[in-house]
Amino acid sequence: MESGLPLVRIDALSPLVPTLAGWAHDQWGHLHPGRSRAATIATFRADCGSQGVPSVFAAMDGERPVGMASLVADDMSDRRELTPWLASVFVLPEWRGRGIASALVRRVEQEAEDGGHELFYLYTPDQQSLYRQLGWEDLEEREYHGETVTIMRRDLSPRGPVPSAAARPV
């Protein structure tokens, strides 16, 4: 299902930054122990690049954001070798089920591909089935700041998905 809502790039000066960063803080603040709402806003603002990594996008209903997603260099403090990341995919509860998250993920995928990134990552505690439907593959399951999450990857290269480590010849 296609949402039909416009997806806009958010820049660092946008008045929407505190709202979007607030959503991120409310949803995932526990994964960044000790980070205040103000620090989350500052970090989010820094992720509002003009193209490529980093970038933030919002799905808009008129002047009101109803969803967001980001492309960032680093989203998991102890897996810095993995980059870039799809991050902060969130849709307001009353807007879910309309294809907004899928449209936002596809927009971030396009941004990554346009920036020359064929392989990138995400982690999720509970949305594995959505991402699998969109072509993402499980990489590993692990504990991260007290929550079980799945790290997933997306290969956008013409050659297709990269075999898992277990399937690679030695």
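These legends accompany close-up views of a predicted model.

**View 1. Helix 3, residues 100-114.** Helix 3 has 15 residues. From first C-alpha to last it reaches 21 Å, close to the 21 Å expected at 1.5 Å a residue. Its buried residues are Ile-100, Ala-101, Ala-103, Leu-104, Val-105, Val-108, Glu-109, Glu-111 and Ala-112. Just after the helix, Gly-116 takes a positive phi of about 85°.

View 2. Glu-111 pairs with Arg-107 in a salt bridge, with the closest N and O atoms 3.0 Å apart. Both residues belong to helix 3 and sit four residues apart, about one turn of the helix. An α-helix has 3.6 residues a turn, so residues three or four places apart point the same way. Glu-111 counts as buried because its relative accessibility is 5%, under the 20% cut-off. Arg-107, at 24%, is partly exposed.

**View 3. Helix 3 tied to strand 7.** The side chains of Arg-154 and Glu-109 meet in a salt bridge (3.0 Å, N to O). Arg-154 lies in strand 7 and Glu-109 in helix 3, so the pair ties together parts that are 45 residues apart in sequence. Arg-154 counts as buried at 16% relative accessibility. Glu-109 is buried too, at 5%.

**View 4. The hairpin of strands 6 and 7.** Strand 6 (residues 137-144) and strand 7 run antiparallel, joined by seven bridges. Two residues separate the strands of this hairpin. In the turn, His-145 has a positive phi of about 50°. Glu-140 has Ile-151 of strand 7 as its bridge partner.

**View 5. The end of strand 7.** Strand 7 covers residues 147-155 and includes Asp-155. Asp-155 is buried, with a relative accessible area of 8%. Its side chain makes a polar contact with the side chain of Ser-157 (2.7 Å).

View 6. Asp-78 and Arg-142 meet through their side chains in a salt bridge (2.6 Å, N to O). The pair links distant parts of the chain, 64 residues apart. Asp-78 is in the loop between strand 3 and strand 4, whereas Arg-142 is in strand 6. Asp-78 is partly exposed at 41% relative accessibility, while Arg-142 is buried at 17%. A network of salt bridges links Asp-78, Arg-79, Glu-81, Glu-140 and Arg-142. The count of salt bridges in the model comes to 13.

**View 7. The largest nonpolar core.** This core has 40 residues. Leu-20, Leu-86, Tyr-131 and Trp-136 have the most contacts inside it. Elements that each supply at least two residues include helix 1 (17-28), helix 2 (37-46), strand 4 (85-91) and helix 4 (128-133). Helix 3 gives the most, with six residues. Beyond its neighbours within four places in sequence, Leu-20 is in contact with Ile-10, Phe-44, Val-56, Ala-58, Pro-65 and Met-68. A second, separate core has eleven residues, among them Val-72, Met-76, Trp-85 and Tyr-144.

**View 8. His-25 in helix 1.** His-25 has its place in helix 1. With a relative accessible area of 19%, His-25 counts as buried because the cut-off is under 20%. Not counting residues up to four places away in sequence, His-25 touches Arg-35, Ser-36, Arg-37 and Thr-40. Its C-alpha atom is separated by 16 Å from that of Val-66, 41 residues apart along the chain.

Conventions. Residues are numbered from 1 along each chain as its sequence is written. This is a predicted model: local features need pLDDT of at least 70, side-chain atom pairs count only at pLDDT 80 or more; totals for chains, interfaces and linings use all residues. Side-chain values use heavy atoms; hydrogens and water are left out. Buried means under 20% relative accessible area, exposed over 50%, partly exposed in between (1.4 Å probe, protein chains only). A polar contact is a pair of N or O atoms within 3.5 Å; within protein, one must be able to donate a hydrogen and the other to accept it, and residues adjacent in sequence count only if both atoms are side-chain atoms. The expected span of a helix is 1.5 Å times one less than its number of residues. Two strands pair if DSSP finds at least two bridges between them. A nonpolar core is a set of buried Ala, Val, Leu, Ile, Met, Phe, Trp, Tyr and Cys residues joined through side-chain atoms within 4.5 Å. Contact means heavy atoms within 4.5 Å. A salt bridge is a side-chain nitrogen of Lys or Arg within 4 Å of a carboxyl oxygen of Asp or Glu.
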